[in-house]
Amino acid sequence: MLENFIFNWRDAVDIAVVTILFYQVIQMLRGSRAMAILTGLGLLTLLYSIAIALGLYTLTWLLQHIFSSLFILIVVIFQADIRQALGEIGSRRFFRKIATEQKSLEEVVTACVEMARLRVGALIVFERSMRLGDMIKREGVRVDARISRQLLMNIFYPKAPLHDGAVIISHDKILAAACILPLAEAKGQNFGTRHRAALGVARESDAVVIVVSEERGEISVAFKGELIRALDGTRLRQVLNESL
């Protein structure tokens with residue numbers, strides 16, 4: 001019987017692959033709405049076990065019917081997250097993080113702080129593992145330029161021809177400007193078009209999006225479908241270093 005428990009290299013590979021996959025999934029879900037929903041499903045499972053142990057027949061019957069439709073519930077609840085995860089896997093860079101050089105990040109932070117001070121609106125998208133080429137092809141204007149605060153401020157100057165839309169940054173370069181982004185629904189929240197666009201692309205991809213509000217002079221960052229608001233230069237720098 002001992003030969004059945006011999007640990008060979010196939011078992012090691014099997015365990016390593018499963019561990020890496022679980023780690024990547026947890027990294028994607030960490031801090032997102034999906035993690036909160038998964039926690040709720042875990043609590044329902046625990047409640048179901050308790051109901052069976054205590055003989056609570058009505059509660060057991062109700063939870064059984066909920067779990068019988070669990071697959072459909074998961075598809076409906078996690079449709080945006082599933083689309084994002086499949087997009088990351090299909091991008092061939094699922095296990096790799098696209099980093100932006102610290103000098104370039106500093107240029108972006110400086111530009112955003114200055115634009116917030118001057119009440120100049122801006123929308124800056126950092127492309128990560130998921131390609132955003134379709135957004136560039138719609139109405140975007142190709143730029144292919146080195147990142148600099150002067151160029152960013154010129155693009156978003158209110159009378160400049162490219163100010164209306166988003167700038168997309170990829171591989172340490174300003175890839176395109178005047179890009180049209182999908183708008184997210186924001187029921188019950190007083191979000192302008194820029195904030196809705198930032199949430200829209202952050203929910204459909206793994207991009208990190210900076211929004212500078214011209215009305216309030218406020219800097220926000222959208223990431224994983226959530227919006228972090230009222231950032232100063234130090235906090236913006238910290239958020240970008242953690243997410244990129």
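Predicted model: local features only at pLDDT ≥ 70, side-chain atom pairs only at ≥ 80, totals over all residues.
Local features need pLDDT of at least 70, side-chain atom pairs count only at pLDDT 80 or more, and totals for chains, interfaces and linings use all residues. Residues are numbered from 1 along each chain as its sequence is written, and side-chain values use heavy atoms, with hydrogens and water left out.

**Exercise 1.** Work out how helix 6 packs against helix 10.

*Solution.* Start with the elements: helix 6 covers residues 102-118 and helix 10 covers residues 233-243. Helices (H or I, at least four residues) and strands (E, at least two) are DSSP runs, numbered from the N terminus. Next, take the geometry: the angle is about 140° and the axes lie 10 Å apart. Axes are lines fitted to C-alpha atoms, for helices over the stretch in contact, and angles run from 0 to 180 degrees between N-to-C directions. That angle makes helix 6 oblique to helix 10 (under 35 degrees is roughly parallel, over 145 roughly antiparallel, 65 to 115 roughly perpendicular, the rest oblique). Finally, look at the contact (heavy atoms within 4.5 Å): helix 6 brings residues including Leu105, Val109 and Val113, and helix 10 brings, among them, Leu236 and Leu240.

**Exercise 2.** Now find the angle and the meeting residues for helix 6 and helix 8.

*Solution.* Helix 8 spans residues 149-156, and helix 6 packs on it at about 40° with the axes 8 Å apart. The two are therefore oblique to each other. Among the residues that meet are Val108, Ala111 and Met115 from helix 6, and Leu152, Met153 and Phe156 from helix 8.

**Exercise 3.** In the open sheet, which strands stand at the edges?

*Solution.* First read the order of the 7 strands, 2-4-3-1-5-6-7, with mixed pairing (two strands pair if DSSP finds at least two bridges between them). The edges belong to strand 2 (141-146) and strand 7 (226-231); each has a single partner strand, so one side of each is left without a neighbour in the sheet. From one strand to the next, the twist averages 20°. Further in, strand 1 (residues 122-126) and strand 5 (residues 208-212) run antiparallel and are joined by 5 bridges.

**Exercise 4.** Is Thr60 buried or exposed?

*Solution.* Locate Thr60 in helix 3 (residues 57-68). Its relative accessible area is 11%, so Thr60 is buried (under 20%; exposed is over 50%, partly exposed in between, with a 1.4 Å probe and protein chains only). Then check its surroundings: Thr60 touches Tyr48, Ala51 and Ile52, not counting residues up to four places away in sequence.
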